[in-house]
Amino acid sequence: MAEKTVTRVDRAEHVYDAYQWKLLERKRKLACEIMETLEGGGLQSVIHGSVARGDVGEDSDVDVLVPVTVPSYRMEVCLTRRGHRLFSRVVTQATPSHSPKAHMYLDLEETASVTFPLLKFKRLEYEFYKFGGMIDLKGLLADHRAPGVTKRLTLIEPTETGHFESPVKGRESEVAKIVGVSPDIVKERVRVLTRRDKIGRTGVFLVEHLSEGEQFEEALKRIIESNPAVRREYLSRRRR
C-alpha cells in the first residue's frame, strides 16, 4: 500500500538507536563501493534518497545516479571490470515529457542500482533528486547527510543524533531553501504526490527490459521508432 503524505503541522525529533546507525553504515558502505568504482572510471556520481538523508529502513534501496549522459558501454565496462555483476538492465521513462533513464541493477532483488539519463535531464528532473536528498562521494566519505523530502512529503533534517521531520505542505518556499532547490520542484512534487493520494499510483509511462547483449542506445533507438510519444519528445529536444 502506498504511503500517504503528511499534513500535520508539528515537528518531531527522531533519535537513532544503534541498530539504525548500523543499518545506515551498511547501506552507505555499499554506496561508497559503487561510487568509488565509478569515480575510478572517471564517472562522477551522487547518492540520493534515504541513504543520503539517513532515515533508512531495511528495504531502502541504494540508488546511485550519474546525472549526465554517458556511453553505456563505458558504464558497463567500468562496473564489470571492478567486480560488479549486472543482473538486469532497464529503460524507464516517468512520463512522455521526461528523459528516458537507464538503470543497471547490481543484485537480484534490484535494491542496488546505477542510473543515468539517456537524454539530458531538464532542470526540474535533476532537482527531483536533490529534492529527495543528495550527496556526492566526497560528502559520503565525510559522513555528511543531506536534508531532503520523502514520498510522504515529510522534510527530513539530519541532526547529530538522528533527524527532525516536519510536513512540507504550506511551507514550500521554506523547504526549498532548506533543501537547496527551486520552489518549482517543491510545488510540482506536492502536486504530484497529493494527486497520487487521491487517485492512487498511476504507474510509470515506460518500462523496457533490455535483451542479452543489447546496448542502452540500441534500446532507445528501438523505443523511439516504435513509440510515437517518445519519438515526439526526442525530436522536440533535438530541435531546441
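In these legends, buried means under 20% relative accessible area, exposed means over 50%, and partly exposed lies in between (1.4 Å probe, protein chains only). This is a predicted model, in which local features need pLDDT of at least 70 and side-chain atom pairs count only at pLDDT 80 or more, while totals for chains, interfaces and linings use all residues. Residues are numbered from 1 along each chain as its sequence is written, and side-chain values use heavy atoms, with hydrogens and water left out.

**View 1. Arg26 and Glu58 form a salt bridge.** A salt bridge here is a side-chain nitrogen of Lys or Arg within 4 Å of a carboxyl oxygen of Asp or Glu. In this pair, the closest N and O atoms are 3.2 Å apart. Look for Arg26 in helix H1 (residues 18-40) and for Glu58 in the loop between helix H2 (50-53) and strand E3 (62-65), 32 residues away in the chain. Helices (H or I, at least four residues) and strands (E, at least two) are DSSP runs, numbered from the N terminus. Arg26 is partly exposed at 47% relative accessibility, and Glu58 is partly exposed at 47% too. Across the whole structure, a search finds 14 salt bridges.

**View 2. Lys122 and Glu233 meet in a salt bridge.** The N to O distance is 3.4 Å. Lys122 sits in the loop between strand E6 (112-117) and helix H4 (123-131), and Glu233 in helix H9 (residues 228-239), so the bridge ties together parts 111 residues apart in sequence. Lys122 is partly exposed, at 29% relative accessibility, whereas Glu233 is buried, at 11%.

View 3. Through shared partners, salt bridges join Lys122, Glu125, Glu233 and Arg237 into one network.

**View 4. The largest nonpolar core has 40 residues.** Such a core is a set of buried Ala, Val, Leu, Ile, Met, Phe, Trp, Tyr and Cys residues joined through side-chain atoms within 4.5 Å. Leu38, Ile47, Met75, Val114 and Phe116 have the most contacts inside this one. Helix H1 gives the most to the core, with 7 residues. A second, separate core of 13 residues includes Phe131, Val175, Ala176 and Leu193.
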